[in-house]
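Try each task yourself before you read its solution.

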Amino acid sequence: MAQARSQLRCLLGSEPFFLAAFDPNRTLLDFLREERHLTGTKEGCAEGDCGACTVLIGELHEGVLRYRAANACILPLGAVDNKQVLTVEHLADPVPHPVQAAMAAQHGSQCGFCTPGMVMSLASLHFAQADQGCTPTLDQINQALAGNLCRCTGYGPIIDAAQAACQQAVPAHCQALREKSQVLLQGWAADGTYLCAHGAAGTFAAPTSTRELRQLIDRQPQARLVAGATDVGLWISKRHQRFAAVIHLGSVSELQRLAHSGEALEIGAAVTLADAFAALAALAPDLGVLLRRFGSPQVRGQASIGGNIANGSPIGDLAPALIALGARLRLAGPDGEREIALEDFFIDYGHQDLLPGEYVAALSIPAEGQQHFRCWKISKRFDQDISAVCGAFNVQLAHGKVREARIVFGGMAAISRRARRCEAVLKGATPGPALLPRAADALAEDYAPISDLRASAAYRGQAARGLLERYLSAMAGQPVPVLYPAATPPVNTHA
Amino acid sequence: MPETAPQQPAAALAHDSALKHATGEAVYVDDIIEPGGTLHLAPGYAPAVCGRIETLNLEAVRAAAGVVAVLTAKDIPGQNDISPMNRGDEPVLADHAVRFYGEPVFAVIATSHRAARAAAALGRLEVTPEAPLLTVDAALAARRFISEQQVMQRGDWQGALAAAPCTVSGTLYCGGQDHFYLESQVSLAIPQEDGDLLVYCSTQHPSEIQQQLAKMLGRPAHAVTVEVRRLGGGFGGKETQACQWAALAALGANLTGQPVKCRLDRDDDMLMTGKRHDFRIDWQVGHDAEGRILAVDTTMASRCGCSADLSDPVNDRAMFHLDNAYFFPAVRIRSQRCFTNTVSNTAFRGFGGPQGILAAERIIEAVARATGKDPLLVRKLNFYGPRERSLTPYHQPVADFVADQIVAELEQTSQYWQRRQAINQANQGADTLLRGLALTPVKFGISFTTSWLNQAGALLHIYRDGSVHLNHGGTEMGQGLFIKVAQVVANELQLDISEIKITATNTAKVPNTSATAASSGSDLNAMAARNAARTLKRRLIAFAANRFGVAEASVHFSGGRVQAGGQTLEFAELVNQAYLARVQLSATGFYRTPKIHYDRKTAKGRPFYYFAYGAAVTEVVIDTLTGENRVLAVDILHDAGRSLNPAIDLGQIEGGFIQGMGWLTTEELWWDNEGYLKTHAPSTYKIPSCGDRPPHMDVRLWSRGENTEATVHRSKAVGEPPFMLAVSVHQALADAVSSIGDYARVPQLDSPATPEAILAAVHAERALTADTRVPA
């Protein structure tokens, strides 16, 4: 077992930084701005939606230092242990990064307040495209910037800057910094310690194995488990919640596994959405489109599959799709593990089948029988919005007739759940538009949606019906018209 | 001084802070290194929409960790009012009663920003609830207004309507809009000697902040200095709305004797600050069979919120733009300014103009559908023209009309008619995805309609080394004002731009300034700065002529050098010699816009010095199963006169368009039945993101643009006008829906055209049309 270490350690730019006691509720942004006076990183919303606070988090991935954009406003300071933090100031030391020079040359800033965040997201793209030896498409630039709002420019000059900068190599000073930092982080990773910092304000622990994790949970059953903290971070920044103990799951090796067996894809609970992207998109292309629209690169680089499920957030846009795919959960408790179907995990709004001391360990999705899976999300804005309605459909056919149907909607009830009546109509029938009147009537009985800021009850019902119609047409072999052509995979979320 | 000869458009220089933005070096108010002992302030409010405050229990707030002081209305030494119109209806902290959900009642001062915010949530306030008025319709029914109804009319509109061969009428609702500047409201107040205050504030209107703070503290204006280097976005939202937070910081600094910073959290900012007015517009139009408009009658009712703020001039400007680019032979425009129990609405880019123009284009669309003509033809048929067809509803002739030329050019370059035909064909065979197309013009009046605001001052120093310190009353909020003004000064003195030091707006340098608003920033401030430069240049010329014994006419400035007869010397050398000869090397400059006047009582006059024009073509696609939609292509041609800086101007045009597109599509403000704004953060309020930018977007400055009035270098204001080019998005979406009924009707499509609004319009159109192409 690894040894507990009481000091947080990270690289701030090139500088190793050690911190013995810190508030487990402190965000990286407040630390950067208030303690280090690195004020280039801005607070725009404190909820991980505008991207003004974007920084790069460098961490070892298979021994190589990889940079990803993250929202510092909701990232607990403790989560950067053993990692590197790069801010807009670091990129410009001693000369501006090509992205910074291009933003100025292409008129990519007006008020300038979103600019540092834009620069960091584009720097992430720049590193990734250099590593992969490709030039990003317009769609990939849009995706890289989906988590950065600009109110002034209309984005055109920023896209121009991205394209201009991506013609240039990673600058020597950044390359040197990366090489030097990689060696340092490798050394840290090899010393076999894990962070367990106790301070006046509380405890922050980042175990590296499930054994350590179990011990920590047993010792502090009230501890808040976090992986990416892209939801819990808001409880701290917006609801002023304070946790006396936080256990960070991001370093637990067993929870980081992503494994294909012949029968299923098993994803460890702490695998980030970015790291799971390729496997999920390969399993079902629509899942790739859904994920591309899930949060933003900053969110997907931190947020985990397990966290999205365990928090039972009604806005967990993945749940309908995963239930329709027949996903199952492995839960680890004090007395061992148990497995349940995902659809049984969600009991009611904010209420999940999770016992005291238990955590979500892994998710598995059957590899077979997914060829008729489709899912679509409807929201006011295409990128980085929460769905008003999300519909996921999956059928198994036998001799052209539906043998089994799984139809699941999000946004239609307090939790994502199956449309049993509608499924019953499909069962035994030939799927196609002829089924629509009966299936739609059944669907209307399956749910009693509410009106809220995202949509009215009436619209939710109509849109759900529209998606059902879309699915039935697709099953009859009719082309599904789409507003957005098939998305290219994002550059900076490749595993 | 004679007007300089027309020049080539000035250089497309980068924003003066461009590289500093990109490297994080640009300092915003929250980035200023805090003086020792700086405290942090957060406002607190009652969980109620309106009613009398019964109990105000702040025990838990005072006891919370890090709390230093808690402020209420009783702590205000002077007047508890920051109404820009001196109406006494905008308390800094509510006393006795609250009028909207989120109205600040107390403020916490603590040792950190987080401690202050956490403590502010602990107030226990009880309010005897009263029935709130939450919408325009509710306010109209209750006849509650913040000011008198205004009427503008010309000609016998009643007779013309009655005699018109055809009439159409309708009602259009358009929603409000949050500014969503990326930097939320922020002020830092630092105590000085004599009880004075230095206030760093992110505001478009430093002079107003100064005056209001003095009034609140019961002190003369000279006791308060306000400085603004830059704003992280304004858009009208930091004109009057910056004041309350500056006032609270000032009050806190005054009380504690320590520096106090108030930076609003995003949620508080969106709950507590005013937005664009939402409108209900009832319209009726009489026209002939050709589509020629004969008479228009409209009533525009807006949600002003719980106080007057700038609602009167905003609604006036809505009336001024109900015509857009069209001549109405007879017209009546009524305007009703509704009181509601919601946050007081305020200035926002366009200032009422967008709502007026949206209605104008809806009227055109209705006439087109009624006559079976393409809306573009009806637009062209009704453009302003010469002589009797040049008169606006407020009796100002449109003397500089070029929208017809711009539209004609864009119609060609965008291949409007080929695309129209292709879309009509595609829609006929389509079940699910329908396309729409629209070309709309913009005519926007330039000048503050409150005539006395059209003045500006500047201060220019030349130091002995020849370097120049430039200061003026305009604020830099990203629009590029500072670089434009610096370019004008550099051109005047024939110096490199690097010789001109751009400095923070400061009430101690240039007093009594107007807000940087109404697109007037460079028109006013560049002229004032140019006048200051000319004063200095005149002194230097006189000195050089005397010194070198030549006529003043033979002294020339060029490329950083001065020629005086046979002598040539560096600018810096001349300056130093002038200094030694005791020539004053500092000057103020002043400018007031000529020719303008307006009588609000009779609704007649010349409120605008000139008009800015532009046009846009937008193509969209909608999904009739879900209402999802996308803007596919946009072509813009815009008149910025002789552009002072084409790069800056193009940025304003494209940025304004996308912001307007957001207003008309994804940006929806949603209150629950308790009057609580549920869309108070970017997670719930959706401004356009990068992917919403249309894949085809072509933005051009109109090459023939030139101001007919003697503005600085014949340029035109460009801050607001392009916002309204986005009306073409809404028109194109309606065009797509209208195709369901073979373009026989104007669809019931309000704004914002969310997927929900579009699907509702599709269903309504299907129900109305006999053509049931798709089984419903």
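**Exercise 1. Work out the strand order of the open sheet of four strands in chain B, and find the helix that packs on it.**

Step 1. The order is β16-β27-β28-β29 (chain B), and the pairing is mixed. Strands here are DSSP runs (E) of at least two residues, helices are DSSP runs (H or I) of at least four, and both are numbered from the N terminus. Two strands pair if DSSP finds at least two bridges between them.

Step 2. At the edges are β16 (433-446) and β29 (696-701) of chain B, each of which pairs on one side only.

Step 3. From one strand to the next, the twist averages 15°. Axes are lines fitted to C-alpha atoms, for helices over the stretch in contact, and angles run from 0 to 180 degrees between N-to-C directions.

Step 4. Inside the sheet, β27 (residues 610-623) and β28 (residues 629-639) of chain B are antiparallel and share ten bridges. Ala615(B) has Leu637(B) in β28(B) as its bridge partner.

Step 5. Helix α13 (residues 416-428) of chain B packs on this sheet, where it touches β16 and β27 of chain B, and its direction makes about 145° with that of β16(B).

Before you go on, a word on the ground rules. This is a predicted model, in which local features need pLDDT of at least 70 and side-chain atom pairs count only at pLDDT 80 or more, while totals for chains, interfaces and linings use all residues. Residues are numbered from 1 along each chain as its sequence is written, and chains are lettered from A and ligands numbered from 1 in the order in which they are written.

**Exercise 2. Find the partners of strand β17 of chain B.**

Step 1. Locate β17(B) at residues 455-462; six of its eight residues are buried. Buried means that 20 or more other C-beta atoms lie within 10 Å of the residue's own, exposed means 12 or fewer, and partly exposed is in between, with C-beta atoms placed from the backbone.

Step 2. One partner is β24 (residues 586-592) of chain B, joined to β17(B) by seven bridges in an antiparallel arrangement. In this pair, His461(B) faces Ser586(B) as its opposite residue.

Step 3. Another partner is β18 (residues 468-472) of chain B, also antiparallel, over five bridges. Here Leu459(B) stands opposite Asn471(B).

**Exercise 3. Describe how α3(A) and α4(A) pack.**

Step 1. Start with the geometry, since two packed helices are described by the angle between their axes and the distance between the axes. For α3(A) and α4(A), the angle is about 130° and the axes are 9 Å apart.

Step 2. The two helices are therefore oblique to each other. Under 35 degrees counts as roughly parallel, over 145 as roughly antiparallel, 65 to 115 as roughly perpendicular, and the rest as oblique.

Step 3. List the contact: Pro98(A), Val99(A), Gln100(A) and Met103(A) of α3(A) meet Thr115(A), Met118(A), Val119(A), Leu122(A), Ala123(A) and His126(A) of α4(A). Residues are in contact if their C-beta atoms, placed from the backbone, lie within 7 Å.

Step 4. Sort these residues: seven are nonpolar, three polar and none charged. Ala, Val, Leu, Ile, Met, Phe, Trp, Tyr, Cys and Pro count as nonpolar, Asp, Glu, Lys and Arg as charged, and the others, Gly among them, as polar.

**Exercise 4. Characterise the side of chain A that touches chain B.**

Step 1. Count both sides: 63 residues of chain A are in contact with 65 residues of chain B.

Step 2. Elements giving two or more residues to the chain A side are α2 (88-91), α3 (98-105), α4 (115-132), α6 (156-165) and α18 (457-475) of chain A. The most come from α18(A), with seven residues.

Step 3. The chain A side divides into 32 nonpolar, 20 polar and eleven charged residues.

Definitions and conventions. Two residues are in contact if their C-beta atoms, placed from the backbone, lie within 7 Å.
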